[in-house]
Structures are given as structure tokens and as C-alpha cells.
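Subject: Structure for you to look at

Hello,

Here is the structure I said I would pass on. Please open it beside this message and follow along; my notes come after it.

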Amino acid sequence: MMLGQIAIAALSVHSVAKSFGGARVVKDVSLAIKPGEFISLLGPSGCGKTTLLRMIAGLEQPDSGTIALGDKDITSVPVWERNIGVVFQNYALFPHMTVAENIAFGLRTRKTPRSAIEAKVRGALKLVRLDDFGPRSTEKLSGGQKQRVALARALVTDPRLLLLDEPLGALDRKLREQMQVELKMLQREIGITTLMVTHDQEEALTLSDRIAVMSDGRILQDDSPREIYERPRDAFVADFIGMSNLMKGRVADLDGNKQLQVSENVILKLPPNAMAATEISVFLRPEKLTLTELPGAAGSSLPGRIVHVSYSGSVTHCFVDVGLQKPLTVLITNRSNHDDAGPRIGDPIWVHWDARNIVML
Ligand SMILES: Nc1ncnc2c1ncn2[C@@H]1O[C@H](COP(=O)(O)OP(=O)(O)O)[C@@H](O)[C@H]1O
Ligand SMILES: [Mg+2]
């Protein structure tokens, strides 16, 4: 990493590791976040996301490595001196306090004068659109309201960094989607540097400037949502971010034309930069495939039979057996007339694609 990048990073995590009872939970993780950026740590349950977040917050001490806010090394700075706002998955609101008292808590422990506390709490309530909720008990609030109180409590001290651990995980889908928009707008409005932990790929894709995909204590890829989705570095990332049709085979060179021999009958045309005589994996996203009744060109289409249809309103996923181990998943948008029955199980069909959309891993 260049020195210039270190100087401007709002948060830099360098070679951080952590074990619990001999089990290495976070293994040599490095990450830098620019001021105002929204970054997601995305990975399956148990891969070490919360542990990494807790080390950044100061709730857990790393075994090795350093953590810096701006140019200040905070690895040994106690949690209450870091000025980092944290929202936990379960909100962790104090049940015996009102909404306003919950939000004021961090200001009180900092010995902020009473008049300043009142103004700051009012401002934080307004920010999360709970203007009149100050005197209420937190117990009767809905999940979405509790989440907003937790956010207000984290933001009221003007932290240098906001850490969110699965902040929307407890909300039902509709509310979660609504809160995603609110959270992103709020984050942009106040311009706070944010690191969010999530196992929900859609949430990470929607909210983030960058996504760091984690697996088994390591960051596998750290890129823009688009790069992560369109150009995943390996099969784990490809498969974790959305649906994909993964195929393995051997690259052959026929008069300068590269192709992949997946099985006896399945041969795919490859982009020219494929390396001949190597075993590679390739994938195609379901939305890059189309279905027609007409045969297509060899190498960029395959005949098959529909074995499963999964209708979900705006789109339908069709699973087509083309003679490989797993059926290909094809996404079609449901734009046709409502009395058009659409694809049916058992229908013979051709799957087509553009060879340029094949991603080689
Ligand atoms: N305080 C702890 N003591 C022992 N093991 C822990 C502790 N915290 C987390 N772990 C273990 O570390 C692994 C990673 O946990 P965590 O960071 O919570 O993962 P994630 O947030 O990605 O689901 C899990 O196997 C978990 O059981
Ligand atoms: Mg977790």
C-alpha cells in the first residue's frame, strides 16, 4: 500500500489477527476506508465479521496487527476514547430508560453540559425522524423505531466512524428495504465513514461503495459492488454473491479460437484471452442467459429441458437440464402479457448466451 493512501484513510486495519482458545477466527486482515465511504464486510455466518468489527470498536483486543483512525494508531486506545459509533444487531437499548435517555447516555458519560445534551438529542431524534419520541419508553417501539434509536444513539456524539453489525437483520423484508434507503440517505447526508457487517448480499450490493467479501477469517476480495458481482475473483465470491452457473473444463485452442470442454457434449466458446491446455472454472449469471425455442450457434447455446420453474412476481428463474451435473439457472423478466403461461416444466428449450459474458475464474 502507498503511503499516500494510508495518510488519507479514515480507518486502516493492518494485518489484524485474532484467536479464541486456539481457533484462528480472524487471519491477517487488512482494510482501508476513505473518509465518507460506506463499506460492507460480507460473508457467511461465523467467518469472523463481528470479531473484526469488535476489534475496530475496541471491544476486543487483536493478537497482532494495528488499527488506525486517520493517522492515529488506536490499537491500544480504550473503547470510550475511540469516538466510534456502534449499532449492534440486537440494538442493545437500555430498557429502563426513555428514548431520549438512551440517546443521551454517551453524552452523559462524556460529561457534556446539560443544555448541550438536550440540543444534541433533539438533533439526533430529528435526524432519524423520531422528533416527538424522546419521552417514550423504548419497550413499546417497533423494530424499525428501535433501530433508529440505536442509530441516533450511535451518531449523537459525532463519531469519526460508524460501525453497524447486521443493523437491519431483525426487520421484516419490506421494512428492511425501506430502512436500507433511509440509512444510505442519512449516511450520505452526514457523510460519515461507515463499516457495516452483513451476511445479506443484496443489502451489501445496494448500500456499499465497496464490499469486502470474507470467508473463514480472511478478506477474499475488496472491490466495488459491480466488480464483485461481475468480476468475482474466485468461485466462493461468485457463488456467495447471487446465483451463478459454474462450469469446469479444459481449455482447447482450435485455430486460435478458444473453447472450454465441459463434458462430451457441452463445449463453450471462450473469450480469446483464455489460456489453452489449462483446467478452469467459468460462470455465467442467470440474467445473462436467454431462452428460445430456436436452436442457436454452437458454443454459445445449448439444448435442454426445463426441470423446474420458480416464479417470484417480477421475475422467474427457470432451471434447465442441459446434460451437466446441475441444471443451468436462467432468469427471465415477466414482461409478457399476463395470460401468457410462460415456461413450463418439461418444455424442450434452447439456452443462449453471449460468449463475452462468460467470466473465467
Ligand atoms: N468471545 C468468543 N469466544 C470464543 N469464540 C468466539 C468468540 N466470539 C466469536 N467466537 C467464534 O469466532 C467465530 C467467528 O465469530 P463471529 O466473528 O461472530 O462471526 P460472524 O459475525 O461472521 O458470524 C465463530 O466460530 C464464533 O463462535
Ligand atoms: Mg456476526
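In helix α6, the buried residues include R176, L183 and Q187. They lie on the same side of α6, because the arc they cover around the axis is only 25°. The other side of α6 carries exposed residues: K174, V181, M185, R188 and E189. Please keep in mind that this is a predicted model.

What covers the buried residues of α6? The cover includes strand β3 (38-42), strand β8 (194-198) and helix α7 (201-207). Helix α6 itself runs over residues 173-190, which makes 18 residues. From its first C-alpha to its last, α6 reaches 26 Å, close to the 26 Å expected at 1.5 Å a residue. After α6 comes G191, and the phi of G191 is positive, near 65°.

Helix α4 can be read in the same order.

Helix α4 covers residues 114-127, 14 residues in total. At 1.5 Å a residue α4 should span 20 Å, and this agrees with its end C-alpha atoms, which are 20 Å apart. Buried in α4 are K120, V121, A124 and L125. Why do they count as being on the same side of α4? Their arc around the axis is only 135°, which puts them there. S115, A116, A119 and K126 are exposed, on the face of α4 turned away from its buried side. R129 follows α4 and has a positive phi, near 60°.

Next, the sheet.

Four strands form an open sheet in the order β2-β1-β4-β5, and their pairing is antiparallel. Which strands stand at the edges? They are β2 (23-33) and β5 (72-73). Each of these has a single partner strand, so one side of each is left without a neighbour in the sheet.

Helix α2 (residues 49-57) packs on this sheet, where it touches β1, β2 and β4. The direction of α2 makes about 120° with that of β1.

Within the sheet, β1 (residues 11-20) pairs with β4 (residues 64-69) in the antiparallel sense, over five bridges. To find this pairing on your screen, look for V13, which stands opposite I67 in β4.

Regards

Notes:
Residues numbered from 1 in each chain as written. Chains lettered and ligands numbered in written order. Predicted model: local features only at pLDDT ≥ 70, side-chain atom pairs only at ≥ 80, totals over all residues. Helix = DSSP H or I, 4+ residues; strand = E, 2+ residues; numbered from the N terminus. Expected span 1.5 Å × (residues − 1). Buried ≥ 20, exposed ≤ 12 C-beta atoms within 10 Å, placed from the backbone. Arc of directions from axis to C-beta. Contact = placed C-beta atoms within 7 Å. Pairing = 2+ DSSP bridges. Axes fitted to C-alpha atoms, helices over the stretch in contact; angles between N-to-C directions.
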